[in-house]
Amino acid sequence: MLRAFDGFAGTFPVLCALRLAPLLFVRPGELRQAEWSQFDLDKGEWRYLVTKTGTEHLVPLSKQSVAILHELHALTGAGRYVFPGARDRKRPMSEATINAALRRLGYDTRTEITGHGFRAMARTILHEELEQKPEVIEHQLAHTVADSLGTAYNRTIFIRERRVMMQKWADYLDRLRSGAEVIRIGSGKAAT
């Protein structure tokens, strides 16, 4: 799939959204509504409010994500939205855009993958293949993490670990894309 993105014949902003979706594994609505004012590309950070909870969230950006965003900034950086709408640049891209792009690439968004599916994929592979701690992954997914002491006293956000994890994840995806890495699924069957 990552190699298929390179053959995408749609617009450059949609191609960038396709490339960023697996790298960032945020909720599709948060990606499509991203605003340039939320990004600090020099620090490699994206800060926004989580749509489900209204809480602030930080996404550490890998070198690969920053490179994609720099390229896209040349095209959409003068506007509010990172991914402006095709018909109205004052609005974000349509909520159907990512899934429509996946379908154009030949993927069935009912049975194979959706824009939201990158979250589950990342959660599984980060834990099983890259041996990342579940609580660190859950924080990156902007999920509430259960704590025996209670969330009232837990202010841990694992930012250092998340920075390292996000770069490991991006490097892993690069290896998959180049064919240097193979995903092993539960039974040991290789997936491409």
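**Salt bridges, then a helix**

A search of the whole structure, which is a predicted model, finds eight salt bridges. The stops below visit some of these pairs and then turn to one helix.

Begin by selecting aspartate 6 and arginine 19, whose side chains meet in a salt bridge with an N to O distance of 3.0 Å. This pair links distant parts of the chain, for aspartate 6 sits in the loop between α1 and α2 while arginine 19 belongs to helix α2, 13 residues apart. If you colour by accessibility, aspartate 6 comes out as partly exposed at 37% relative accessibility, and arginine 19 is likewise partly exposed, with a relative accessible area of 25%.

Next, select glutamate 35 together with arginine 80, where the two side chains form a salt bridge at 3.0 Å, N to O. Glutamate 35 is in the loop between α3 (28-32) and β1 (39-40), and arginine 80 is in the loop between α4 (63-76) and α5, so the pair ties together parts that lie 45 residues apart in sequence. Is glutamate 35 buried or exposed? With a relative accessibility of 19%, glutamate 35 counts as buried, because the cut-off for that class is under 20% relative accessible area.

Now move to arginine 47 and glutamate 45, which form a salt bridge whose closest N and O atoms are 3.5 Å apart. Arginine 47 counts as partly exposed at 39% relative accessibility, whereas glutamate 45, at 10%, counts as buried.

For the last stop, select helix α5, residues 97-104, and show its side chains. Which residues of α5 are buried? They are Thr97, Ile98, Ala101 and Leu102. Turn the view until you look down the axis of α5, and these buried residues fall within an arc of 140°, so they line one face of the helix. As a general point, an α-helix has 3.6 residues a turn, so residues three or four places apart point the same way. To see what the buried residues of α5 pack against, display α1 (2-5), α2 (12-24) and α6 (117-128) as well. Finally, step just past the end of α5 to glycine 106, where the backbone takes a positive phi of about 100°.

Terms used:
Residues are numbered from 1 along each chain as its sequence is written. This is a predicted model: local features need pLDDT of at least 70, side-chain atom pairs count only at pLDDT 80 or more; totals for chains, interfaces and linings use all residues. Side-chain values use heavy atoms; hydrogens and water are left out. Buried means under 20% relative accessible area, exposed over 50%, partly exposed in between (1.4 Å probe, protein chains only). Helices (H or I, at least four residues) and strands (E, at least two) are DSSP runs, numbered from the N terminus. The arc is that of the directions from the helix axis to the C-beta atoms. Contact means heavy atoms within 4.5 Å. A salt bridge is a side-chain nitrogen of Lys or Arg within 4 Å of a carboxyl oxygen of Asp or Glu.
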